[in-house]
Amino acid sequence: MSRTVLSLPGDGIGPEVMAQVRRVLDRIGGFQIEEGLVGGASYDAHGTPLTDDTMAAALKADAVLLGAVGGPKWDTLPFEVKPERGLLRLRKDMELFANLRPALVFDALAQASTLKTDLVRGLDLMIVRELTGGVYFGEPRGIEDIGGGERRGVNTQVYTTSEIVRVARVAFDLARKRDSRVCSVEKANVMESGLLWREEVQKLRDAEYTDVALSHMYADNCAMQLVRAPKQFDVIVTDNLFGDLLSDCAAMLTGSLGMLPSASLGAADANGRRKALYEPVHGSAPDIAGQDKANPMACILSASMMLRYSFDMAAEADLVDRACQDVLNAGIRTGDIVEPGMTPVGTAAMGDAVLAAMDRLSGG
Ligand SMILES: NC(=O)c1ccc[n+]([C@@H]2O[C@H](COP(=O)([O-])OP(=O)(O)OC[C@H]3O[C@@H](n4cnc5c(N)ncnc54)[C@H](O)[C@@H]3O)[C@@H](O)[C@H]2O)c1
């Protein structure tokens, strides 16, 4: 099985955290890793945040790993060449329609949540957000003058059967690798697009996923349930807008940006292989860039998602996850998650600790 990975470290802390990911992947072995530029780094070298060559390499790779893009140095560039455009082009040209955002609370960090510890201890839920349709892209859209000093702003929430089915399929497939429960979230009570969503998800489940338990929930109730009793969920599947809000809400349950991975998946090819981009949720953190202060765990956990979802390497992914957990349990912490009495370390030392834990856990 080929395992080609395009690594795009990007800007700010991106290269620092990606360097630790490279060490983890090298330790596991068997990957052909190509490196490219994205964001401000690509703009500085080539005058564009993503070259056609790098885009072609991303389309060819089995998976793409990205650090972060952006920073004050490029804030005043024209919109078309801003660092973020590189990331948007990757998502668009790879047709990544499903965004996976796990909210996982490591025991050792349960106290960092703003919620009561017992509500979040052991939390492990996955939000699957539709990423390329819905109200962010629907037509008609715009702002128009309607006379008499009035203007009108329009956006259109629109979904088709195939857009709903393909993202629901990702959620059901994921659920099968977890606790086999999916909660589909919309507002079918007030939106026709929500009613269609509910009907199509149910139809798919009844036709192909009878082994997965499906429930439906209105988005407003889901927001409440996420902060009331988040552990009731396994996989949540929802549209672009609700997913945007609910995934950020779920992220806050876990306490730290430096711990949050993500994946974006495209359609499966004939071999069942999906185009995929893995990246930490955090940005380029210019305030700490180049100082060996960044927490590399979000990026390492993104690579673990890559092992699990692109390469079917569940045992290796479990090893990486458990190594991260061990390091946290041992009180080894970067600045963003350090507490009194713990051992503060920098980015590279955190990488050292994860590698040592991997060796220990695998008897190496
Ligand atoms: N996907 C992306 O590449 C992405 C996402 C968000 C923001 N950005 C860009 O990043 C730049 C900075 O944005 P921002 O400050 O709003 O968000 P940010 O996520 O970069 O940083 C927010 C805060 O969290 C801290 N932080 C983030 N990641 C951390 C880590 N791994 N370890 C320790 N601390 C960490 C930072 O130091 C900062 O104080 C901007 O140019 C923005 O456009 C990029």
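The structure is a predicted model, in which local features need pLDDT of at least 70 and side-chain atom pairs count only at pLDDT 80 or more, while totals for chains, interfaces and linings use all residues. Residue numbers start from 1 along each chain, as its sequence is written.

Let us begin with the overall layout. The protein has a domain 1, made of 1-103 + 260-364, and a domain 2, covering 124-253; these bounds come from an automatic or database domain assignment. Taken over C-alpha atoms, the centres of domain 1 and domain 2 are 26 Å apart. Where they meet, 14 residues of domain 1 are in contact with 16 residues of domain 2, contact being counted when the C-beta atoms of two residues, placed from the backbone, lie within 7 Å. On the side of domain 1 that touches domain 2, β4 (98-104) and β11 (261-268) each supply at least two residues. Strands here are DSSP runs of E with at least two residues, helices are runs of H or I with at least four, and both are numbered from the N terminus. β4 gives the most to this side of domain 1, with 6 residues. By class, this side of domain 1 has 10 nonpolar, 2 polar and 2 charged residues. Nonpolar covers Ala, Val, Leu, Ile, Met, Phe, Trp, Tyr, Cys and Pro, charged covers Asp, Glu, Lys and Arg, and the others, Gly among them, count as polar.

Next comes the ligand. Its shell holds 22 residues, and the closest are Gly70, Gly258, His282, Gly283 and Asn295; a residue belongs here if its C-beta atom, placed from the backbone, lies within 6 Å of the molecule. This shell divides into 10 nonpolar, 8 polar and 4 charged residues.

Now look at the helices. Two packed helices are described by the angle and the distance between their axes. The axes are lines fitted to C-alpha atoms over the stretch in contact, with angles from 0 to 180 degrees between N-to-C directions. Helix α10 (residues 297-309) packs on helix α11 (residues 314-329) at about 160°, with the axes 7 Å apart. α10 is therefore roughly antiparallel to α11, since angles under 35 degrees count as roughly parallel, over 145 as roughly antiparallel, 65 to 115 as roughly perpendicular and the rest as oblique. Among the residues that meet are Met297, Ile300 and Leu301 in α10, and Ala314, Val320 and Cys324 in α11.

On its other contacts, α11 comes within 8 Å of helix α12 (residues 347-361), axis to axis, and the two cross at roughly 115°. Their contact includes Leu319 and Val320 of α11 and Ala353 and Leu361 of α12. By class it has 10 nonpolar, no polar and 2 charged residues. α10 also has helix α1 (residues 14-28) as a partner, with axes that come within 8 Å and cross at roughly 40°. That angle makes α1 oblique to α10. Val17, Met18, Gln20, Val21, Val24 and Leu25 of α1 make this contact with Cys299, Ile300 and Ala303 of α10.

Two backbone details remain. Most residues other than glycine have a negative phi, and most peptide bonds are trans. The peptide bond from Glu139 to Pro140 is cis, with omega near -5°, and Pro140 sits in strand β6 (residues 138-147). Ala285 has a positive phi, near 40°, and lies in the loop between β12 (274-280) and α10.
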